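Please look over the structure shown below before reading on.

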Amino acid sequence: MATDVILPRVDMDMTTGRVSHWFVKAGERIEKGAPLFEIETDKAAMEIDAPASGRVQIIVTVGTQVPVGSTVGWILADGEGEVTAIASDALPDVAEDGVPGSVDAVEAPLPASDAAPESGQIRATPLSRRLAATHGLDLADIPGTGPNGRVQAADVEVLIGKSTANPMDSDNILNSAWLRQGAGASAGDPIILIHGFGSDLGGWRPFVQGVTTDRAIYAVDLPGHGGSSLGASRTVSDMANRVVESLLGAGIKGGHLVGHSLGGAVATMVAADSRIAARSLMLIAPGGLGPDINAGFVNGFAAAEHEDSIAAWMLELVFDGAIMTPALIKATVKARAAAASHETLSVLARSLFPDGTQATNVSDLLRKLTLPTRAVFGRLDRIVPVAHASRLGGMVAVHVFDDVGHLPHYEKRDEVATLLLQHIRSAG
Amino acid sequence: MDQIVRELSFAQAIQEALSIAMERDPRVFLMGEDIGVYGGAFQVTGDLVHRFGEDRVMDTPISELGGAGVAVGAALGGMLPVYEFQFSDFATLAMEQIVNQAAKLRYMLGGSVSVPLVMRLPCGSGTGAAAQHSQSLEAWFAHVPGLKVVQPSSPHDAKGLLLAAIADPDPVIIFEHKLLYKTRGAVPEGHYTVPLDKAETKRVGKDGTIVATAIMVVKALEAAAELAKEGIDLEVIDLRSLRPIDVPAIVASVTKTHRLMCVYEGVKSLGIGAEISAAIAESDAFDFLDAPIIRLGGAEVPIPYNPELEKAAVPQVADIVAAGRRLVRGR
């Protein structure tokens with residue numbers, strides 16, 4: 001059987017190497033252990049010995065740069081013909097700058113280094129690689145939720161339908177809180193608040209201050225936000241399902257739903273779920289009404305780690321930046337540091353908004369709903385276009401505020417609170 | 001027969017082991033600087049000189065090399081010496097006798113002799129004794145075939161390992177962390193031994209494995225209790241023996257928990273953590289790792305005298321808690 005001669009890693013941070021010399025000619029015989037070829041890296045040149053005895057077949061010629069682990073030649077046993085069916089990764093595309101164009105990472109013989117992964121390479125733990133291989137999954141198809149997008153066992157287990165090993169994810173119930181206890185059952189059904197992408201239930205607190213009602217007010221952290229694990233949730237419908245299960249788990253069978261942005265699309269799906277008796281629906285700058293979304297914001301805000309970058313994106317949310325007080329920015333930065341990681345948000349951003357597009361459209365669903373529905377938009381919204389207001393159908397009351405951006409409930413708090421109370425009252 | 005168990009300090013447990021061994025076998029005797037009337041630098045030998053006399057509790061001159069040489073010679077001659085260094089740092093003076101003689105003679109003389117020697121080395125930082133009296137040099141000794149090297153973390157193990165060491169036909173080096181001497185724990189009365197080659201699981205967990213030594217076992221257990229409140233359930237293995245290392249115990253644990261952190265007081269690089277990490281990377285447990293291995297070890301500096309810097313130079317409970325979160329949650 002022919003023996004594979006590969007380009008070994010001779011240096012810690014080596015990803016590619018150049019064959020600088022073959023000590024034998026193609027077809028010549030070599031004894032195991034004799035010098036076979038020389039490789040050159042940025043730092044060193046090194047002789048590599050023959051791994052077996054036999055005739056040499058040269059695949060990679062002198063001067064060619066190839067990724068570590070590539071087949072550079074074969075040693076053929078007596079009477080054995082040349083190897084013709086070369087695996088696709090034996091001759092990888094190498095761009096002119098020497099960076100490999102595509103390397104099949106599952107086959108890559110070496111673990112990823114600490115450096116940023118090159119395109120095509122995948123960060124994955126040994127256990128996740130093992131699980132993926134056992135179940136015939138391609139790691140490239142598995143979104144990694146670990147540090148730097150690393151694929152971990154839990155990410156694979158999500159796909160193979162097994163409950164995750166990570167205790168943080170084992171609990172399908174979302175983190176939630178009563179932002180106001182209310183005056184009890186006599187005060188009527190509770191108000192249920194569902195926040196937007198990159199926020200958490202705490203983001204409702206300023207708004208709730210302005211809502212004068214005896215009703216209880218309840219808020220959830222969406223999967224991958226605040227205190228809720230991402231788990232297997234990747235779509236708006238996954239999220240709505242977990243919201244419903246969490247509401248039922250908390251003994252809440254119905255209420256008045258309020259959703260902001262992404263939470264608007266989620267709230268619409270929750271309202272359509274027969275397990276929850278939704279009394280009314282209020283959408284604030286809702287998502288899910290059309291394909292357009294500010295992809296730069298979504299990706300930038302998801303990836304932002306530093307206070308300055310988070311602050312810069314937060315200014316995009318509003319028309320008048322003065323409303324983004326340093327205290328508000330600090331609170332957001334702190335919440336982000338303590339809760340959802342930027343990796344988790346980036347994973348979500350990729351699946352919710354692939355190619356910078358809102359993948360889920362709930363406008364048909366909205367038209368079918370019979371419950372009282374109202375929507376509030378800011379005319380100067382830089383995240384979701386106000387034009388989406390026209391896709392709501394004639395039965396939805398639409399309010400558009402001038403000189404307001406994506407956060408009407410911050411920028412026109414008292415007005416939006418008044419609308420909410422009127423809306424709930426009219427719903428009975 | 002039911003054993004009677006009481007609470008003793010780590011130092012009392014060692015003294016009790018020495019006393020039991022001397023009562024059982026007249027060949028057992030103690031050597032060391034100031035271990036007689038003064039009772040030892042850390043009061044471990046205490047009043048043993050009054051109970052067993054100066055022939056069996058011998059004060060030696062301030063020459064570690066000389067004392068160690070006498071101890072090796074006595075062991076070769078059929079005695080069972082237990083030599084105490086005042087500080088493990090001073091064992092550097094006796095390396096010739098420990099490394100070139102005690103560790104080698106059985107091999108070089110074709111098994112015709114053995115060196116049944118026990119050495120006790122108070123080690124570690126935390127007492128404000130500065131750079132020359134606070135080191136954790138156990139990895140040096142564990143690098144020498146021919147020696148056995150153990151490090152108890154509890155009074156129970158301190159007594160049992162010492163009695164096992166005295167019963168062993170070959171040289172055994174025992175590192176006693178100075179901050180442990182006053183810690184207390186349950187210790188059975190009478191003679192018992194703890195195996196010289198076995199790690200012990202001090203806490204069972206499922207989310208990750210901490211392998212720790214000596215005082216770091218105590219700190220790791222505190223950290224694990226803290227992390228349990230956050231839903232992170234860590235297993236804590238007390239390595240106990242550095243030579244040989246109980247690799248199967250660690251492999252079994254990591255295969256179960258998928259994550260590994262090593263916590264030790266010696267300088268982080270080229271130490272115990274490197275050895276354990278490499279052993280796992282070479283083992284079947286590699287395919288079960290679901291996160292990078294974490295090492296928490298001493299800073300790459302001589303131990304500072306300033307008390308705050310001294311604390312900062314070795315892993316503390318808060319460091320282990322933070323690393324535990326990183327290990328399990330990735331951040």
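## What contact means here

Two residues are said to be in contact when heavy atoms of theirs lie within 4.5 Å. The model described here is predicted, and every value in this report is computed from it.

## Chain A as a whole

Chain A holds 12 helices and 15 strands.

When the contacts in chain A with a separation of 6 or more are considered, residues 24 or more positions apart account for 67% of them.

T125(A) is found in the loop of chain A between β8 (71–76) and α1 (126–134). Is T125(A) buried or exposed? Because its relative accessibility is 3%, and buried means under 20%, T125(A) counts as buried.

If the neighbours within four places in sequence are left aside, T125(A) is in contact with R150(A), V151(A), Q152(A) and A153(A), and also with L289(B), D290(B) and A291(B) of chain B.

## Helices α1 and α7 of chain B

In chain B, the axes of helix α1 (residues 10–24) and helix α7 (residues 155–167) come within 8 Å and cross at roughly 25°. Since angles under 35 degrees count as roughly parallel, α1(B) is therefore roughly parallel to α7(B), and the crossing of the two is right-handed.

Which residues of α1(B) and α7(B) meet? From α1(B) come F10(B), A13(B), I14(B), E16(B), A17(B), L18(B), I20(B) and A21(B), while α7(B) brings P155(B), A158(B), K159(B), L162(B), L163(B) and I166(B). Sorted by class, this contact of α1(B) with α7(B) has 12 nonpolar, no polar and 2 charged residues.

## Helices α8 and α12 of chain B

Another pair in chain B is formed by helix α8 (residues 215–228) and helix α12 (residues 317–329), which pack at an angle of about 50° with their axes 8 Å apart. That angle makes α8(B) oblique to α12(B), and α8(B) passes α12(B) in a right-handed crossing.

On the side of α8(B), the contact is made by K219(B), A220(B), E222(B), A223(B), E226(B) and L227(B), and on the side of α12(B) by V317(B), I320(B), V321(B), G324(B) and R325(B). By class, the contact of α8(B) with α12(B) has 6 nonpolar, 1 polar and 4 charged residues.

Notes. Residues are numbered from 1 along each chain as its sequence is written. Chains are lettered from A and ligands numbered from 1 in the order in which they are written. This is a predicted model: local features need pLDDT of at least 70, side-chain atom pairs count only at pLDDT 80 or more; totals for chains, interfaces and linings use all residues. Side-chain values use heavy atoms; hydrogens and water are left out. Helices (H or I, at least four residues) and strands (E, at least two) are DSSP runs, numbered from the N terminus. Buried means under 20% relative accessible area, exposed over 50%, partly exposed in between (1.4 Å probe, protein chains only). Axes are lines fitted to C-alpha atoms, for helices over the stretch in contact, and angles run from 0 to 180 degrees between N-to-C directions. Angles under 35 degrees count as roughly parallel, over 145 as roughly antiparallel, 65 to 115 as roughly perpendicular and the rest as oblique. A crossing is left-handed if the near helix is turned anticlockwise from the far one by less than a right angle, and right-handed if clockwise. Ala, Val, Leu, Ile, Met, Phe, Trp, Tyr, Cys and Pro count as nonpolar, Asp, Glu, Lys and Arg as charged, and the others, Gly among them, as polar.
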